[in-house]
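Colleague: I am new to this structure. Could you take me through it in plain terms?

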Amino acid sequence: QVQLVESGGGLVQAGGSLRLSCAASARTFSSYAMGWFRQAPEKEREFVAAISWNSGRTVYADSVKGRFTISRDNAKNTVYLQMNSLKPEDTAVYYCAADRGFGRPSRVDEYAYWGQGTQVTVSS
């Protein structure tokens, strides 16, 4: 089973930046598509971004396009989410997830493995 650990969350003012990291324990990390999701208080978990195993394909939610960038370093078994121009509505717990496919990367139920989440709070 793939184990994922997110880090890099914190408190930041609106307009600021954070970079989230997700470290994977699996030797086969490079074979997985990776996604980032977030869940705000009393809200459903929502898709943020996804990246294919070889970084050849990326998908972003409309709400973060132009502000967030997903990337991965397979040599380090790590996926990143660079978040710029943060807004208060970006406040949420951010989760990374892994799947062997890329058919429906925005769907929660496509991902078999999830991290524990890291809190991002953006103040106005």
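Modeller: A note on terms comes before the counts: helices (H or I, at least four residues) and strands (E, at least two) are DSSP runs, numbered from the N terminus. This is a predicted model, in which local features need pLDDT of at least 70, side-chain atom pairs count only at pLDDT 80 or more, and totals for chains, interfaces and linings use all residues. Residues are numbered from 1 along each chain as its sequence is written, and side-chain values use heavy atoms, with hydrogens and water left out.

Colleague: How many helices and strands does the chain have?

Modeller: Read along the sequence, the pattern is β-β-β-β-β-β-β-β-β-β-β. The count is therefore zero helices and 11 strands.

Colleague: Which residue in E8 is the bridge partner of Phe 68?

Modeller: E7 runs antiparallel to strand E8 (residues 78-83), and six bridges join them. In E8, the partner of Phe 68 is Met 83.

Colleague: Is Ser 52 buried or exposed?

Modeller: Ser 52 sits in the loop between strand E5 (46-51) and E6. Buried means under 20% relative accessible area, exposed over 50%, and partly exposed in between (1.4 Å probe, protein chains only). Contact means heavy atoms within 4.5 Å, and the residues that Ser 52 touches, not counting those up to four places away in sequence, include Tyr 32, Arg 72 and Phe 102. With a relative accessibility of 5%, Ser 52 counts as buried.

Colleague: What is the relative accessible area of Val 59?

Modeller: Val 59 lies in strand E6 (residues 58-60). Leaving aside neighbours within four places in sequence, Val 59 is in contact with Phe 47, Val 48, Ala 49, Ala 50, Phe 102 and Pro 105. Val 59 is partly exposed, and the value is 28%.

Colleague: How far apart in space are Val 59 and Ala 49, C-alpha to C-alpha?

Modeller: In sequence, Val 59 and Ala 49 are 10 residues apart. In space, C-alpha to C-alpha, the distance is 5.4 Å.

Colleague: What share of the 124 residues of the chain count as buried?

Modeller: The C-alpha trace spans about 40 × 25 × 25 Å along its principal axes. Of the 124 residues, the buried share is 45%.

How values were computed
Two strands pair if DSSP finds at least two bridges between them.
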